[in-house]
2 protein chains.
Amino acid sequence: MAAPEAFETLKTRLAQVTDLGRVRRVLGWDMQVMMPPAGAGVRGEQQATLDRISFDLFVSPETERLLEELSSYEESLDPESDDASLIRVARKDYEKAARIPPELRTEMVKAATEGFMAWRQAKPENDYDAFRPFLEHHLELRRRYVELFPEADEPYDVLLDDYERGMKTADVRAVFDRLKEELVPLVGEAAELYGEDDGTLGRSFPADQQEALSREIIELFGHREGAFRLDPTVHPFASGGGIDDIRITTKYEPTGLESFFATMHEYGHGLYEHQIARELDRTPLGGGVSLGLHESQSRMWENLVGRSRPFWRFMYPRVQSNFAPLLDDVDEETFFRAVNRVQPSLIRIAADEVTYNMHVILRFELEQDLLSGKVDLKDLPEEWNRRMDSYLGVEVPDNAHGVLQDMHWGTGTIGYFPTYSLGNVMSVQIWERIKDDIPDLDDKLERGEFAPLREWLGEHIHRHGRKFLPQETLERATGSRIDPEPYLRYLKDKHGAATPA
Amino acid sequence: MAAPEAFETLKTRLAQVTDLGRVRRVLGWDMQVMMPPAGAGVRGEQQATLDRISFDLFVSPETERLLEELSSYEESLDPESDDASLIRVARKDYEKAARIPPELRTEMVKAATEGFMAWRQAKPENDYDAFRPFLEHHLELRRRYVELFPEADEPYDVLLDDYERGMKTADVRAVFDRLKEELVPLVGEAAELYGEDDGTLGRSFPADQQEALSREIIELFGHREGAFRLDPTVHPFASGGGIDDIRITTKYEPTGLESFFATMHEYGHGLYEHQIARELDRTPLGGGVSLGLHESQSRMWENLVGRSRPFWRFMYPRVQSNFAPLLDDVDEETFFRAVNRVQPSLIRIAADEVTYNMHVILRFELEQDLLSGKVDLKDLPEEWNRRMDSYLGVEVPDNAHGVLQDMHWGTGTIGYFPTYSLGNVMSVQIWERIKDDIPDLDDKLERGEFAPLREWLGEHIHRHGRKFLPQETLERATGSRIDPEPYLRYLKDKHGAATPA
């Protein structure tokens, strides 16, 4: 069956919607990295205009009519074909977006900006009470949003689905319960394994040398020429305008090498978008399929590559030379231990591989309790602190290092946090499969050969974009849906008491 | 008469159109300053989508209906009021835009991006032949565009009107013929006046010190806090997302101080947009009224301020200290002569005040000849070189220093060049009026007091935005329409044989 005219009409319409989304991403990057600060007011209006136009273009009787008209064409196609996938995914996107009353959408967009500003002011002032009304408003809006999807098994499913389509809260709970069971004892073992902090990463690393190293690793990991850029920012992120316009950001602190790990992390996000099939460009399929899968890619480059022995055999002499003579007295083993040290701490984004997940699980559980009203907002800081003590044994000194640390709740983003740990879990499932396909992967990494890994990811995951559901995408690549066991094995092998130090 | 509901509806619609235009400007800046080069293809599509959506929003039966409905409201108002001007200017914009078939418009936008990328590659490679097909395509598109306005006196009028509304090719020719008449002999006189190039500006000025100086002058000239940014680029320009988001660019060459003059020039453009009345923001009136008026502002800060004796009395010690010890052996008089030296040369943007106009006149004449087919594209480089020899007596060594030097033809921008010299002419008309209003302006400049000049420009020119036609705006500020005589007097006073050296 030849593609009917309606298909081209739909594609053109969706290409425009996609273009507007990409433009908003570039403007978002610009706002955080480049824009003169006084420009914020009018930029907000511009973003709102783009959002409204894009929404009106997508959620319109014309889109509905085209999707209806294309049902029989869709049924005539191989479901795995680009065309069938385009119609299927667009229909799903449409059905979800069309449920939301425009007033609610506008209110959520507005609340996100207002809440973000309130959070940004409250955090340095440790002032949870000033922020609480905004969080209250976010929760009210989310409850209204949840009610639009009465078929959900539980309220949190509705929010989670926005970031990890098809995943249920019950699925996440099953994974996280396994993680908790194993990780709580592992934290203690791992902390002993690498010993006390020896100050290696507490040294002053000059910002320009940190930047040179970040640029070096992006080139070593590899990409098509002229398609990546790197800039400094306050909160590292990856963005860009298309598969050949990838923009990653990092943060150069006066001490330590967090900037280097953030760069490898954001490279992983960037590479995912970079390797999506060109045929999917300017369609709703031309993006990463979920936050969890995205995070599996960033955590893979940051941790499975970037904190591995083979990588550091290759990379450490380069790092020493980059910062010479700063690390002349530090040998590879000492450095390797320093970047792998496990130590319960207060701040999620600075947490090690093992404890990181406990930060996420705490947020996942609290979000559900807030949504259901089981935890009252006035008790949230105490509840936060109590659970931090219980999960990680750390005492929270103030709200800036506690409940106010992350931006997410400021913008009303609820249901997002679990995808961080789902990404960790999936990264190792994928990694095990890669090791089956490339048995000498470690040798390759030790020689600085990253192309085989990059290409494997492109072929088995990246190129598909949003064609399949996240769990389908994972299953196509690894043969199974999400499973915490490979990740737990990896953590125990690397950080458990039985590990030869 | 109270504003009818249709007026608010029109304003909202035009605010969205304005937002999309501002977004396109920021993306244009991004493309030239920030975008990874491989991102060009999809960016072209995105710009085309924004243009298309903006065009559909503006050129719609709804806009036409609203404008019609608002006729009687417009007539009830003072024509100089913001509301009457909004309706009047929007109607004029509408009538022009409604003539253009959407397909042609889309093609022109796409060709601009593609042509720009081709030009950017061809220039350093001196490869005119690689660029020629893009220029050919631009000319075809312009010829189709011109045909849409059969009432024009001559084809070039149609293109010129896009940049200088209401100005005719014949008006420009009359001004330029006067310039040619006086400038050709003046070039010879002026070249003798300041003597041979003594190498002062041939020294190596470190790029980071050039940048520091550029930043210093932007702060000295002044603006609202957090509203300007400065970046390096290949071809300096000014852009931005709003009156408090002004982005100027400059170019740091290994030798010379062109970057400093370019910064003052682009500051002048930026200041114009920065000082437009806030009430006109997000309306079609909230921008500079024409390229000529814009250029009058940039040339004023670059030349009438930036190459004047009072300015250098104030500024030279700061420049010496910025580059110390590089200019310790150069006194103010020697430096002043160096930055005012008249010397026929190859590159327009580096040309002195006198010869600059000859570069523009050459392009103005060539553009008409290309449009009419009188000059064939395959002969363009030779024709360029022949005229450079005839007008300025210089020999063009290669296309990078000849026909490929400017970006304009890369993006298909034809009809734009004459506005540079119109700006020169108008700048002195305005300057004479300022000197009447601020008799001690020279003393103020010598003390580094730029606020009175800045405020005069804001009050008499900038704040009006696009409320009045370009020549009306000039007349309101100076009492007369365009007149080359003040400019010629200025040039002869400063650079003529009768001048005391």
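Author: A salt bridge is a side-chain nitrogen of Lys or Arg within 4 Å of a carboxyl oxygen of Asp or Glu. This is a predicted model, in which local features need pLDDT of at least 70 and side-chain atom pairs pLDDT 80 or more, while totals for chains, interfaces and linings use all residues. Residues are numbered from 1 along each chain as its sequence is written, chains are lettered from A and ligands numbered from 1 in the order written, and side-chain values use heavy atoms, without hydrogens and water.

Reader: Which residue forms a salt bridge with Asp406(A)?

Author: Side chains of opposite charge can pair when their charged atoms come close. Here the closest N and O atoms are 2.7 Å apart. The partner of Asp406(A) is Arg363(A).

Reader: How many residues apart in sequence are the parts that Asp406(A) and Arg363(A) tie together?

Author: Helices (H or I, at least four residues) and strands (E, at least two) are DSSP runs, numbered from the N terminus. Asp406(A) sits in the loop between α16 (380–392) and α17 (418–437) of chain A, and Arg363(A) in helix α15 (residues 356–372) of chain A, so the pair links parts whose separation in sequence is 43 residues.

Reader: How many salt bridges does a search of the whole structure find?

Author: The search runs over all chains. Between chain A and chain B the count is six. For the whole structure it is 114.

Reader: Which residue of chain B forms a salt bridge with Arg43(A)?

Author: This pair joins chain A to chain B.

Reader: What area is buried between chain A and chain B?

Author: Contact means heavy atoms within 4.5 Å, and this one takes 38 residues from chain A and 38 residues from chain B. Buried area is the accessible area (1.4 Å probe) that two parts lose on being put together, summed over both. Carbon and sulfur atoms give 63% of it. The total is about 2,800 Å².

Reader: Which residues in chain A lose the most area to chain B?

Author: Three residues are in question, together 18% of what that side buries. They are Met34(A), Pro36(A) and Gln46(A).

Reader: How many residue pairs are in polar contact between chain A and chain B?

Author: A polar contact is a pair of N or O atoms within 3.5 Å; within protein, one must be able to donate a hydrogen and the other to accept it, and residues adjacent in sequence count only if both atoms are side-chain atoms. Both residues must be at pLDDT 80 or more. The count is 15.

Reader: Which element gives the most to the side of chain A that touches chain B?

Author: The elements that give two or more residues are α1 (5–33), α2 (40–58), β1 (228–232), β2 (238–242) and β3 (245–250) of chain A. With ten residues, the top contributor is α1(A).

Reader: Is α7(A) roughly parallel or roughly perpendicular to α8(A)?

Author: Axes are lines fitted to C-alpha atoms, for helices over the stretch in contact, and angles run from 0 to 180 degrees between N-to-C directions. Angles under 35 degrees count as roughly parallel, over 145 as roughly antiparallel, 65 to 115 as roughly perpendicular and the rest as oblique. Helix α7 (residues 128–147) and helix α8 (residues 155–163) of chain A pack at about 95 degrees, axes 9 Å apart. That makes the pair roughly perpendicular.

Reader: At what angle do helix α9 and helix α21 of chain B pack?

Author: Helix α9 covers residues 169–193 and helix α21 residues 484–495. Their axes lie 10 Å apart. The two are roughly parallel, with an angle of about 5 degrees.

Reader: Where is Pro325(A) found?

Author: The peptide bond from Ala324(A) to Pro325(A) is cis, with omega near 5 degrees. Pro325(A) is in the loop between α13 (309–323) and α14 (332–340) of chain A.
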